[in-house]
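Biologist: I'm new to this one. Could you walk me through how to read it, feature by feature?

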Amino acid sequence: MTDRRQLGRRRFLAGLAGGSAALLLSGCDKLSQNTTVVRVLDSAEALTKAVQRAITGRATMVAEFSDADISPAFRSNGTHDPDDATYQALARNGFADWKLDVGGLIEQPMRLSLADIRSLPSRTQITRHDCVEGWSCIGKWKGAQLSALLHEVRVKPEARYVMFFCADPMDLSGTKYYESADLEDAYHPQTILAYEMNDKPLEIPYGAPLRLRNERQLGYKMAKYIMRIDLVDSFAQVGGGRGGYWEDQGYEWYAGI
């Protein structure tokens, strides 16, 4: 598939996902509470995932670009500066005291500094970010391959998903952002824990000190301000049980593009 055809498909799927999310979250609150409608949407999402993965395959790479293609201004999606005392204290110290906790269904729990993350096998990629709101930007990212971290912690056979727990509060109750990926996306070579953007350390509006780049998914799947990673066998004990903060508000869990 040529880059142009692949980009066309990404634009189409991004718009489709954005439209369905907007339908649920704008004038259709009653529909989103209707169990029959939710079941229909869930079955459609499962079909979309199955068809796309059948077409693209496990190792299919998204289009990558050159330095000349990098957007002059890259928009910041979601939170721009977490209103959280612990995070703000870490930021004031340049994230020198920040640690990533990794736990759940693994053989070797870890607590990693940013230097530890930087010591893992890394990847640099220039990719297109497609937001559910309808905009896109191209940026250059460098980070540790998530697969390398999973290799270090030794994932247990019963694990099915990777959960990302973040520092940014999302509502007045203080609920912090959370998101997930299945193991197929987690082990994909372009799925990285990014600590640099456009050849500079990641800045706060873009998720410092560490954010997920899951390049085969829409932007809301790419968790920023990551504080903890857990390997789980289901989402039942996380939030509303649908695998992510926005998914619990009605967005699709599978946002593949």
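We'll go through the core, a central strand pairing, a helix and a pocket.

Modeller: First, the ground rules: this is a predicted model, where local features need pLDDT of at least 70, side-chain atom pairs count only at pLDDT 80 or more, and totals for chains, interfaces and linings use all residues. Residues are numbered from 1 along each chain as its sequence is written, and side-chain values use heavy atoms, with hydrogens and water left out.

Biologist: Which residues touch the most other members of the largest nonpolar core?

Modeller: In soluble globular proteins, nonpolar side chains tend to be buried together. A nonpolar core here is a set of buried Ala, Val, Leu, Ile, Met, Phe, Trp, Tyr and Cys residues joined through side-chain atoms within 4.5 Å; buried means under 20% relative accessible area, with a 1.4 Å probe and protein chains only. The largest core has 62 residues, and Leu100, Leu149, Phe164, Leu193, Ile226 and Ile229 touch the most other members. Strand S5 (residues 161-169) gives this core its largest share, seven residues. Another core, of five residues, lies apart from it and includes Ala63, Phe65, Ile70 and Ile126.

Biologist: Is S5 enclosed or open, and what does S5 pair with?

Modeller: Strands are DSSP runs of E, at least two residues, and helices are runs of H or I, at least four, numbered from the N terminus. Eight of the nine residues of S5 are buried, so S5 is largely enclosed by the rest of the structure. Two strands pair if DSSP finds at least two bridges between them. S5 pairs in the antiparallel sense with S6 (residues 176-182) over six bridges, and also antiparallel with S10 (residues 226-232) over six bridges. Phe164 stands opposite Glu179 in S6 and opposite Ile229 in S10.

Biologist: And which residues of helix H6 are buried?

Modeller: Leu146, Ser147, Ala148, Leu149, Leu150 and Val153. That is six of the eight residues of H6 (residues 146-153), so the helix is largely enclosed by the rest of the structure. Arg154 follows H6, with a positive phi near 60 degrees.

Biologist: What classes of residue line the largest pocket?

Modeller: Rolling a probe the size of a water molecule over the atoms shows where empty space is left. The lining has ten nonpolar, five polar and four charged residues. Here Ala, Val, Leu, Ile, Met, Phe, Trp, Tyr, Cys and Pro count as nonpolar, Asp, Glu, Lys and Arg as charged, and the others, Gly among them, as polar. A pocket is an open set of points on a 1 Å grid over the protein atoms alone, where a 1.4 Å probe fits, with protein on both sides within 12 Å along at least five of seven lines; lining residues have an atom within 4 Å of a point.

Note on methods: Buried means under 20% relative accessible area, exposed over 50%, partly exposed in between (1.4 Å probe, protein chains only).
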